[in-house]
Structure formats: structure tokens, C-alpha cells
Amino acid sequence: MDSELARVLGSVVANATPLVIASLGETITERVGVINLSLDGSLQLAAMVAFVAAYASGNAMLGLAAGLIAGLLVALLILFSNIALRQDQVAVGFVLTLLAADLAQFLGQNYTRIPGPTFPTIPIPLLRDIPFLGTVFFNHNALVYFSFILLFTTWFVMYRTRWGLALRAVGERPAAAFARGTNVTRTRYLYTAIGGALVGVAGASYSLAIKAGWANPAVMRGDGWIALAIVIFGGWHPLRVAFGAYLFTGLRALASTIQQTTEFPLVLVNAVPWVLMILTLLLVSSGLVDRLMLLSPPWAQRLLRNFLRSAPPVALGTQFTRE
């Protein structure tokens with residue numbers, strides 16, 4: 001029973017990897033005050049570009065690099081249009097998600113249903129032999145291990161370094177950050193590029209690890225919107241965002257199991273994760289969480305308030321102009 005449970009949880013961890021990476025990338029982008037609404041199309045475009053590059057070169061790492069560049073360029077295009085052309089981030093992002101998805105379908109039509117390089121499973125010596133935990137966390141491909149490192153690196157940089165302080169300051173009070181000597185434009189370009197590159201890595205992980213090949217974009221279609229919802233669910237906090245990605249993937253796996261073992265209507269089964277996600281968002285936004293925090297000991301309230309923070313960055317989606 002334990003081995004079966006470990007296998008299921010290990011599968012959830014592996015399948016959640018693209019969502020974890022994409023959601024963390026979007027968290028970084030939004031914490032610096034930029035909305036990248038192109039996630040759904042960017043994931044598909046990066047997956048296609050990564051597979052074609054890996055297929056042509058025979059090297060999965062080159063494919064990953066190509067996917068990374070694709071995600072980075074789309075994100076930078078949104079910020080450039082906002083800063084240089086004074087266009088709305090949301091509108092540009094929405095148009096780009098449609099354009100990127102169509103480009104992925106058009107440019108990748110000759111590469112469907114053919115085999116290509118993939119990232120192999122690399123069990124970590126000694127750690128893989130730990131009962132239960134070894135199967136869940138240490139018997140995966142390199143992209144899964146990268147998501148673990150990315151999660152704690154993002155948290156550490158964001159909350160324990162001066163770089164993270166500057167990032168959050170630009171997303172909350174860009175004018176104040178500028179007055180203290182931070183180059184707001186350069187900071188936004190830097191972290192938007194990092195966030196977009198991570199979205200590209202997430203897209204590549206679909207075609208090079210989760211479901212090898214470029215054959216069925218429906219596998220990832222909609223996951224960009226899910227990642228955007230997970231960022232809100234996670235309150236723009238890396239740990240909570242990653243938890244949301246694992247939770248959603250677990251719920252989706254549960255819904256799939258129910259679908260296979262019962263006569264429950266298929267449409268309702270597929271809607272279960274969405275309903276639970278919406279209920280959670282309503283719970284967070286209703287203020288009920290704040291009232292529950294008041295019932296906790298005083299010493300724990302500040303810790304819980306920081307962890308359960310749900311307000312978006314104040315300057316999210318706004319333009320900054322030097323006066």
C-alpha cells in the first residue's frame with residue numbers, strides 16, 4: 001500500500017513540474033509589477049520549439065535552451081510594448097497568447113507524432129533508497145530536480161537578499177524604489193526575462209519529459225491559465241504557489257481516477273479541480289483567512305500573515321514614468 005501511494009505521489013510530483021516552473025516564473029514576473037498573460041500560448045510555443053530543436057540536433061539540452069529563449073522573447077515583447085510603446089500589458093499579453101498558440105500549431109505541424117530526444121530518469125544514489133520519500137522525490141528526470149532547486153532559490157532570493165528586496169519594491173512602490181536608487185526599468189526587464197525564460201523551460205518540459213514529442217497540444221492547453229490562477233491562489237508567495245501547483249495536479253489525477261472507476265459524469269469529474277480552486281480563491285479573498293488568523297496565538301499571527309498574504313503587488317500591470 002505504501003509503495004503504491006509513493007508511486008502515485010511520485011507521479012503527481014513529476015506531472016506537476018511544468019506548472020510549478022511556470023507558476024514560479026509568473027510569480028517572479030508579477031512581483032516586479034508585470035503581468036505576462038501570454039502563458040498559455042508561450043507554453044505551447046516553447047514546447048514546439050524545444051521539441052523541434054531537440055529533434056534536429058539530437059540533444060534534449062539544446063531543445064531546452066530553445067524553449068527557454070522562446071518564452072523569454074515573448075515575455076520581453078510584452079514589457080517592451082509596455083515601456084517603449086506605452087501599450088497595455090494585459091491586452092498585449094492576451095493577443096500574444098493567441099498568436100503563440102497558432103504559431104506553435106502552424107510551425108510544428110510537420111513534427112507531430114514522431115519520436116525525439118527526452119530527458120531520462122536519473123535516480124539520485126542513496127536518496128532514492130530512502131523508504132517512501134525516495135520514490136516520491138528522488139527518482140525523476142533532471143527537470144523535476146530543477147523545480148525543487150528553483151522553488152527554494154526563488155524563496156531565498158525574494159525574501160533573504162537585497163536583490164529580492166529591490167524586486168518586491170519595484171512591484172509595490174516603483175517611485176519609492178527609484179528614489180532609493182533602483183533602476184526600475186532595468187529591474188523589470190531583468191526579472192521579466194527570468195520569469196519568461198522559466199515559462200519557456202516549463203513548456204519544454206512538456207515535450208521533452210512529461211509527454212515526449214509534439215503530438216498532442218491538448219495535454220498542455222489551458223495550463224497557462226491554470227498557472228495564472230495558481231499564482232493568485234498562492235498569494236504571490238513561491239512556497240504557496242508551488243503548493244497550489246502540486247494540489248491542482250493531485251486533484252486532476254484524482255478526477256482521472258474517479259472517471260476510470262465510476263459512472264460519474266465525465267464533465268463533472270473534469271470540473272472538480274476547477275471548482276475546488278474557485279472555492280479556495282473565494283475563501284482567500286473573502287477575508288475569512290484573516291479572521292481565522294486572529295484566533296491563532298499572537299506570536300504566530302505575523303508569521304501566518306506573511307505566509308498567507310493574498311494581496312497582489314500594488315504596482316502590478318502599471319507603467320512607471322520618471323518625473
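Which residues in helix 6 meet which residues in helix 7? Val157, Met158 and Tyr159 in helix 6 meet Trp163, Gly164, Leu165 and Arg168 in helix 7. Contact here means heavy atoms within 4.5 Å. By class, this contact has 5 nonpolar, 1 polar and 1 charged residues. Ala, Val, Leu, Ile, Met, Phe, Trp, Tyr, Cys and Pro count as nonpolar, Asp, Glu, Lys and Arg as charged, and the others, Gly among them, as polar.

The model is predicted: local features need pLDDT of at least 70, side-chain atom pairs count only at pLDDT 80 or more, and totals for chains, interfaces and linings use all residues. Residues are numbered from 1 along each chain as its sequence is written, and side-chain values use heavy atoms, leaving out hydrogens and water.

Now the geometry. Helices are DSSP runs (H or I, at least four residues), numbered from the N terminus.

Turn to the backbone. Most residues other than glycine have a negative phi. Leu126 has a positive phi of about 70 degrees. Leu126 sits in the loop between helix 4 (89–107) and helix 5 (133–137). Trp236 also has a positive phi, of about 60 degrees. Its loop lies between helix 10 (223–233) and helix 11 (238–261).

Are these two residues buried or exposed? Leu126 is exposed, with a relative accessible area of 71%. Trp236 is buried, at 5% relative accessibility. Buried means under 20% relative accessible area and exposed over 50%, with partly exposed in between (1.4 Å probe, protein chains only).

Technical notes
Helices (H or I, at least four residues) and strands (E, at least two) are DSSP runs, numbered from the N terminus.
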